[in-house]
Amino acid sequence: MFTFIRIIFLGVLVLLAGCAGAPRDNSGGLIAEQNAQFVERPTEGFTPPSVFQTSPPKTIFQITNAVLPTWHTNFSAATKTNSSAPAKPPHRPVPPTFTSLNNWAVDNQLNPPQRLTGSPVVTYSISSRNGICVLEIGSREATWRGMSVHLGFTPEMIDGQIFVHGLDIIKTLSPLLLDPSPNFGPHKTIVIDPGHGGINGGTVSIDGRAEKGFTLDWARRLGSLLSANGWTVYLTRTNDTDISLSNRVAVAEAHHADLFVSLHFNSSAPDHRQSGLETYCLTPTGMPSTLTRGYTDSWTDAYPNNAYDLENLQLAVRLHAALLSASGAEDRGIRRARFMGVLLGQRRPAVLIEGGYLSNAREADKIESGPYRQQLAEAVANALR
Ligand SMILES: [Zn+2]
């Protein structure tokens with residue numbers, strides 16, 4: 001079984017590289033961008049803090065082979081060394097099937113869900129001191145504090161009551177409504193991963209500039225801010241080089257990172273209308289992903305990072321909310337996916353941010369401006385205070 005999962009996992013690591021719009025060759029790998037005209041320039045006024053590593057040291061690459069098998073032989077016993085306090089368990093265990101939201105609320109001393117609308121869509125709210133969650137019958141898109149959060153399964157009406165799948169209760173509602181606000185730092189170690197690099201340019205903006213340069217600049221700005229806030233910061237790359245996905249994970253492993261944040265920009269070309277922010281975390285085992293981009297989405301797969309399902313969501317919520325607020329961008333939601341190779345093997349809370357659509361003229365204009373990338377960096381840094 002482990003061997004089987006390991007083969008799948010290693011295959012996925014080799015095949016996957018993140019971004020939406022990046023075209024793929026026949027082997028499923030990313031092909032180099034065709035119009036990369038982004039010239040690497042030092043960020044204005046940017047002085048790399050001393051904790052920045054100029055590039056991943058060679059030893060990181062040497063440990064990769066030793067690290068990978070360990071993930072797979074031991075991941076079921078993955079130890080959490082940096083998680084927040086575990087949630088108080090509900091009075092009754094939530095079964096992995098559709099569960100009465102009313103009963104769950106009573107079990108956890110919450111007010112019963114309130115029906116908000118009955119037509120054309122039926123919606124319910126459920127709230128705690130942490131905030132309000134709105135659920136829609138027949139839709140996997142819920143909102144938390146007004147922000148889009150994607151569920152694994154659609155809530156259903158059964159005998160006039162709203163029922164929610166047990167995994168959505170355990171993996172989404174419970175961490176949002178019941179768990180205390182997590183403390184992610186500072187004085188901890190973060191690995192920031194600027195997407196793509198070298199021959200892997202990522203997607204391309206509407207006027208032909210490669211994603212890889214914008215992600216690196218965002219990462220440098222963020223690294224500088226976090227470093228000033230007391231974080232120990234490492235970047236998976238600090239120049240225009242291509243780093244394999246497994247080595248990006250290995251950087252976090254080598255530095256015993258407490259958090260991992262991968263930075264990307266999106267594309268929906270040739271559709272130029274789509275815009276907005278998406279924040280991704282790994283799909284919990286047993287749940288379908290929000291999207292698959294054509295990759296196999298095996299619900300039963302369990303990855304090392306699944307040990308951090310709750311922290312991943314809390315981190316995603318924190319960062320997504322701050323980015324939406326700072327940018328005014330359209331909210332495309334907190335999503336779950338299994339095809340993002342940099343997340344699967346992480347033994348720490350990890351998210352991947354798609355900071356806007358380079359295929360949208362209006363959004364590309366903003367992303368191509370330094371002050372806007374500074375805003376994005378400040379949003380993430382402030383969210384981690
Ligand atoms: Zn990307």
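# Briefing on a predicted chain of helices and strands

The model is predicted, so local features are described at a pLDDT of at least 70 and side-chain atom pairs at 80 or more, while totals for chains, interfaces and linings use all residues. Residues are numbered from 1 along each chain as its sequence is written.

**Overall composition**

- The chain contains 10 helices and 14 strands (DSSP runs numbered from the N terminus, H or I of at least four residues for helices and E of at least two for strands).
- Of the 385 residues in the chain, 48% are buried (20 or more other C-beta atoms within 10 Å of the residue's own; exposed means 12 or fewer, partly exposed in between, with C-beta atoms placed from the backbone).
- Among contacts in the chain with a separation of 6 or more, 76% come from residues 24 or more positions apart (a contact has C-beta atoms, placed from the backbone, within 7 Å).

**The packing of α5 and α10**

- Two packed helices are described by the angle between their axes and the distance between the axes.
- Helix α5 spans residues 211–228 and helix α10 spans residues 370–383; they pack at an angle of about 45°, and their axes are 8 Å apart (axes are lines fitted to C-alpha atoms over the stretch in contact, with angles from 0 to 180 degrees between N-to-C directions).
- The two helices are therefore oblique to each other (under 35 degrees is roughly parallel, over 145 roughly antiparallel, 65 to 115 roughly perpendicular, and the rest oblique).
- On the α5 side, the contact involves F214, D217, W218, R221, L222, L225 and L226; on the α10 side, the residues are R373, Q374, L376, A377, E378, V380 and A381.
- The residues of this contact comprise nine nonpolar, one polar and four charged (Ala, Val, Leu, Ile, Met, Phe, Trp, Tyr, Cys and Pro are nonpolar, Asp, Glu, Lys and Arg charged, and the others, Gly among them, polar).

- Strand β4 covers residues 131–136 and is joined to β5 by two bridges, running antiparallel to it (strands pair if DSSP finds at least two bridges between them).
- C133 stands opposite W144 in β5.
- β4 and β5 form a hairpin with four residues between them, and G138 in that turn has a positive phi of about 80°.
- β5 also pairs with strand β6, residues 147–150, in the antiparallel sense over four bridges.
- Within this second pairing, T143 stands opposite S148 in β6.
- The hairpin of β5 and β6 has two residues between the strands, and R145 in the turn has a positive phi of about 50°.
- In a regular strand the side chains alternate between the two faces of the sheet.
- Strand β5, residues 141–144, has A142 and W144 on a covered face and E141 and T143 on an uncovered one.

**The strands β12 and β13**

- Strand β12 is mostly covered, with six of its six residues buried.
- Five bridges link β12 to strand β13, residues 331–337, and the two run parallel.
- Y280 has R335 as its bridge partner in β13.

**The loop position N360**

- N360 lies in the loop between β14 (350–357) and α9 (361–367).
- N360 is buried, because 24 other C-beta atoms lie within 10 Å.
- Apart from neighbours within four places in sequence, N360 is in contact with H272, R273, Q274 and S275.
- The C-alpha atoms of N360 and Q274 are 6.4 Å apart, although the two residues are 86 residues apart in sequence.

**Cis peptide bonds**

- The peptide bond from S119 to P120 is cis, with omega near 0°, and P120 sits in the loop between β2 (114–117) and β3 (123–128).

**Positive phi in loops**

- H187 is a residue other than glycine with a positive phi, near 60°.
- The loop that holds H187 runs between α4 (166–177) and β9 (189–194), and H187 is exposed, with 9 other C-beta atoms within 10 Å.
- R293, likewise not glycine, has a positive phi near 45°.
- R293 is found in the loop between β12 and α7 (309–327), and R293 counts as partly exposed because it has 13 C-beta neighbours inside 10 Å.

Key:
Contact = placed C-beta atoms within 7 Å.
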